[in-house]
Amino acid sequence: MSIMDRFSMRGKVSVVTGGNRGIGRAIARGLAEAGSAIAIAARDENQTAEAVEELRRLGIEAIGIRADVSDREDLEAMAEEVGRALGPIDVLVNNAGIGMHANALTLADEEWERLFAINLEGVWKASQIVGRRMVSNGRGSIINIGSISGLIVNRPQWHSPYGIAKAAVHHLTRSLAAEWAQSGVRVNAIAPGYVKTEIASDEYEAYGHYWRDEVPMQRYATPEEIAPIALLLASDASSFITGSVIVADGGYTLW
Ligand code: NDP
């Protein structure tokens, strides 16, 4: 097997939650370019249809599934549908997530619960549902999109629930990696710094000093810079990596 063959995703089936825009869309495209069939799961069906069309134009088998990651029934139906349409799932990318700027003194319980239902419980439920299938097949790679917000406290915005949930995603990654290590299923995470998407949109340009100028590389990442890391973790190129959280932040957490 050549070194490049280790990165090949030919014959594999990957599911990317939140794959209809931003980081997830770039990851879905990257895995597709490497040969994987792709299922994109998200809520906005028009946006998903557009992303699926882009993948089909590459000659890749791709389907879109309407699913809310906070809803267990949606996730069960998603796993069933992917199995029927594309075959057993080799790769799950738990990317779907929301941002939320929140003052700890005034945050309502409902907002806290909404963020955790999507950013943490969505990762847990999808991992459990797809993980059961992967463990029984004896193979699989799960990639969780964490964040530097799970490693440090961001500034100048306050968003403690976001950071707390991402820190939990990193530990969920390590916990499941250990539990499933002998079953052929690897679980890893990527912790990006600020990436230019809707979550870090121009609306927040006033924060540019902290989010961009204080990064040693002095810029945002693009979603396309996160996709190759997902390919590494999805493919046999990382066959001995499990329980890792790969930081991709232009050096932000060095200071
Ligand atoms: P975007 O807002 O651009 O995309 C978010 C994606 O998640 C969309 O596809 C959206 O689709 C989907 N999504 C949101 N809620 C749900 C839900 N309940 N069920 C299913 N899908 C959902 O965000 P990014 O691409 O920036 O972020 C992607 C991931 O990367 C997130 O987990 C985020 O926390 C993380 N991240 C982002 C960073 C950044 O600077 N951008 C930095 C570090 C981490 P739809 O609305 O159609 O459901």
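I started with Asn 95: one of its backbone N or O atoms sits 2.8 Å from an oxygen atom of the ligand. I note that this is a predicted model.

Next I looked up side-chain contacts to the ligand. Tyr 162 places a polar side-chain atom 2.5 Å from a ligand oxygen. For Thr 197, I read 2.4 Å between an N or O atom of the side chain and an oxygen atom of the ligand. On its own the ligand has 880 Å² of accessible area, and the protein covers 96% of that.

Which pocket does the ligand take up? I found that its space is the largest pocket.

I went on to the shell. I counted 28 residues around the ligand. Asn 20, Arg 43, Tyr 162, Val 195 and Thr 197 are the closest. By class, I sorted the shell into 13 nonpolar, 9 polar and 6 charged residues. I also asked which helices contribute. Helix α1 (22–33) gives at least two residues to the shell, and so does α6 (160–180).

Last, I turned to salt bridges. My count came to 13. One of them pairs Arg 133 with Glu 80. Their closest N and O atoms are 2.6 Å apart, inside the 4 Å cut-off for a salt bridge. What does this pair tie together? I placed Arg 133 in helix α5 (residues 121–137) and Glu 80 in helix α3 (residues 72–85), so the bridge links parts that are 53 residues apart in sequence.

How values were computed: Residues numbered from 1 in each chain as written. Predicted model: local features only at pLDDT ≥ 70, side-chain atom pairs only at ≥ 80, totals over all residues. Heavy atoms only, no water. Near = heavy atom within 4 Å. Polar contact = N/O pair within 3.5 Å; in protein donor to acceptor, adjacent residues only side chain to side chain. Areas by Shrake-Rupley, 256 points an atom, 1.4 Å probe, with all protein chains shown as cover. 1 Å grid on protein atoms, 1.4 Å probe; cavity = no way out; pocket = protein on both sides within 12 Å on 5 of 7 lines; lining within 4 Å. Sits in = over half its atoms within 2 Å of the grid points. Helix = DSSP H or I, 4+ residues; strand = E, 2+ residues; numbered from the N terminus. Nonpolar A, V, L, I, M, F, W, Y, C, P; charged D, E, K, R; others polar. Salt bridge = Lys/Arg side-chain N within 4 Å of Asp/Glu carboxyl O.
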